Amino acid sequence: MAQTTGAISQSGFKVEVSTDGTSWTDISGQAAAVNVDGGDVPVGEQMTAEGSESIVVSSNKVEPRDVTVRSVYTEGASEAFEVVYARYTGSDKTIYLRWSPAGGATGEVQYTCAVGGSAAAVPITSCTLPELDAGSADIALFEFTVKTPGILKADVA
């Protein structure tokens, strides 16, 4: 098989959040990283008196995923920290989240947190305050994590 020519740089992604699923805020200018964890398929196993190997069966279910966005801390009203933190500290602790590894142009793949195969607001499970260090010249960052039962994969319209 020939070597691929379709590799995608990790640095050109797009991330957006929404409080209503209609009006999206592009936080790519503050986002530094997106990490997706979880989504394992639970598997059962049992040894029996007969045989030397376990019986192993799939549950055909998928555990939820944690999606963590690491972002530059700013205090602009329409930027990542203020939008997410307002939801996290408010009465509705959910948010819509989507990201596109290749940058979000028409026809590129986009992943959206989903419930039952449709984009949905999902729980924000954590939103850190910025870590600060007087001995560092690094940019202040914060992270937020959502828990989603599913992830919808689709092409950007």
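Lys 14 and Glu 16 form a salt bridge in which the closest N and O atoms are 3.9 Å apart, the term being used for a side-chain nitrogen of Lys or Arg within 4 Å of a carboxyl oxygen of Asp or Glu. The model is a predicted one, in which local features need pLDDT of at least 70 and side-chain atom pairs count only at pLDDT 80 or more, whereas totals for chains, interfaces and linings use all residues. Residues are numbered from 1 along each chain as its sequence is written, and side-chain values use heavy atoms, with hydrogens and water left out.

By the salt-bridge rule the count comes to four, and the table gives three of these pairs, including the one already described.

| Salt bridge | N to O distance |
|---|---|
| Lys 14 and Glu 16 | 3.9 Å |
| Glu 16 and Arg 98 | 2.7 Å |
| Asp 92 and Arg 87 | 2.9 Å |

Lys 14, in contrast, is partly exposed at 23%. In the remaining tabulated pair, Asp 92 is partly exposed, with a relative accessible area of 36%, while Arg 87 is buried at 16%. Salt bridges that share partners join Lys 14, Glu 16 and Arg 98 into one network.

Helix H1 (residues 80-89) contains Val 84, which counts as buried because its relative accessibility is 0%. The C-alpha atoms of Val 84 and Thr 94, ten residues apart along the chain, are separated by 9.0 Å.

Strand E5 (residues 55-58) holds Val 56, and this residue counts as exposed because its relative accessibility is 54%. Asn 60, found in the loop between E5 and strand E6 (65-72), has a positive phi of about 60 degrees although it is not a glycine, and at 69% relative accessibility Asn 60 is likewise classed as exposed.

Methods. Helices (H or I, at least four residues) and strands (E, at least two) are DSSP runs, numbered from the N terminus. Buried means under 20% relative accessible area, exposed over 50%, partly exposed in between (1.4 Å probe, protein chains only).
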